[in-house]
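User: I am new to this structure. Could you show me how to read its features, step by step?

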Amino acid sequence: MSFVEKMAKTVEEAVQDALAHLKANRDDVDVEILDAGTKGILGIGAKPARVKVTLHYNPEKIAQDFIKEMGVAMGIAIDVKATAADKQLDIVMSGENMGVLIGKRGQTLDNLQYLVSLAVNKGTAPFLNVSLDAEDYRQRRKESLEKLALSIARKVKTTKRSVKLEPMSTFERRIIHAALQGDRGITTHSEGKDPYRNIVIAPKR
């Protein structure tokens with residue numbers, strides 16, 4: 001969790017300073033009064049108030065703020081919907097110019113997903129698996145890869161020759177493996193090192 005300690009003439013002033021520092025609202029934090037301070041007599045012997053203000057862990061807000069700030073830096077207005085359940089955080093981005101955030105074969109989307117995961121899982125909170133999507137890209141890509149896998153598998157069984165696919169992310173390789181795991185006529189395995197790791201579809205010997 002993020003927290004800050006602040007000192008001021010009064011508890012309320014110290015709290016407001018802390019909220020400004022954390023860029024948070026009063027409902028987003030817990031306030032611990034470390035020292036209420038004293039006014040003293042005619043200012044003599046006055047002691048400042050000191051508070052500790054701690055942000056509530058809110059992965060949805062962390063993700064939304066991170067993505068929106070990134071959008072501002074890129075000059076892109078991004079609407080963000082984030083939903084956390086169990087150990088999963090699903091995030092959907094919408095708006096204009098989403099293609100820029102998806103990138104070629106989803107590479108930009110994957111990189112952004114990694115950065116959001118770092119932001120959300122910073123600190124001591126329970127680890128969350130982050131899934132980031134835009135314009136239903138993940139589902140469309142999944143369907144496209146499943147069709148590709150089945151097509152290549154038919155070719156491999158006909159020619160009896162292995163086929164090495166283009167380098168893919170871990171997410172995409174899992175889709176290929178899953179699509180073909182029930183086919184007894186072929187085998188699949190991965191070769192190489194990320195980010196140039198390939199799937200090989202081979203006839204079963």
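**Reading helices and salt bridges**

Analyst: Start with helix H5. Its buried residues are Tyr 137, Arg 138, Arg 141, Leu 145, Ala 149, Ile 152, Ala 153 and Val 156. Keep in mind that this is a predicted model.

User: What span should helix H5 have, at 1.5 Å a residue?

Analyst: Helix H5 runs over residues 137-159, which is 23 residues, so it should span 33 Å. Its end C-alpha atoms are 33 Å apart, which agrees.

User: Which residues of H1 are buried?

Analyst: Ala 14, Val 15, Ala 18, Leu 19 and Leu 22 are buried in H1. Seen down the helix axis, these buried residues fall within an arc of 140°, so they line one face of H1.

User: What covers the buried residues of H1?

Analyst: The cover includes three named strands: E1 (3-8), E2 (29-35) and E3 (49-55). Lys 23 follows H1, and its phi is positive, near 55°.

User: Now the charged side chains. How many salt bridges are there?

Analyst: Side chains of opposite charge can pair when their charged atoms come close. Here the cut-off is a nitrogen within 4 Å of a carboxyl oxygen. By this rule the count is 11 salt bridges.

User: Which residue forms a salt bridge with Asp 35?

Analyst: Lys 47 does, with the closest N and O atoms 3.0 Å apart. This pair links distant parts of the chain: Asp 35 is in strand E2, and Lys 47 is in the loop between E2 and E3, 12 residues apart. Asp 35 is partly exposed at 22% relative accessible area. Lys 47 is also partly exposed, at 45%.

User: Is Arg 138 buried or exposed?

Analyst: Arg 138 counts as buried, because its relative accessibility is 10% and the cut-off for buried is under 20%. Arg 138 forms a salt bridge with Asp 110, the closest N and O atoms being 2.7 Å apart. The pair joins helix H5 to helix H4 (residues 107-120), 28 residues apart.

User: Which strands hold Glu 191 and Lys 164?

Analyst: Glu 191 lies in E8 and Lys 164 in E7, so their pair ties together parts 27 residues apart in sequence. Their closest N and O atoms are 3.4 Å apart. Glu 191 is partly exposed at 32%, whereas Lys 164 is exposed at 52%.

User: Which residues are linked in a network of salt bridges?

Analyst: Arg 105, Arg 141, Glu 166 and Glu 172 are linked in this way. Arg 141 is also among the buried residues of H5.

Technical notes: Residues are numbered from 1 along each chain as its sequence is written. This is a predicted model: local features need pLDDT of at least 70, side-chain atom pairs count only at pLDDT 80 or more; totals for chains, interfaces and linings use all residues. Side-chain values use heavy atoms; hydrogens and water are left out. Helices (H or I, at least four residues) and strands (E, at least two) are DSSP runs, numbered from the N terminus. The expected span of a helix is 1.5 Å times one less than its number of residues. Buried means under 20% relative accessible area, exposed over 50%, partly exposed in between (1.4 Å probe, protein chains only). The arc is that of the directions from the helix axis to the C-beta atoms. Contact means heavy atoms within 4.5 Å.
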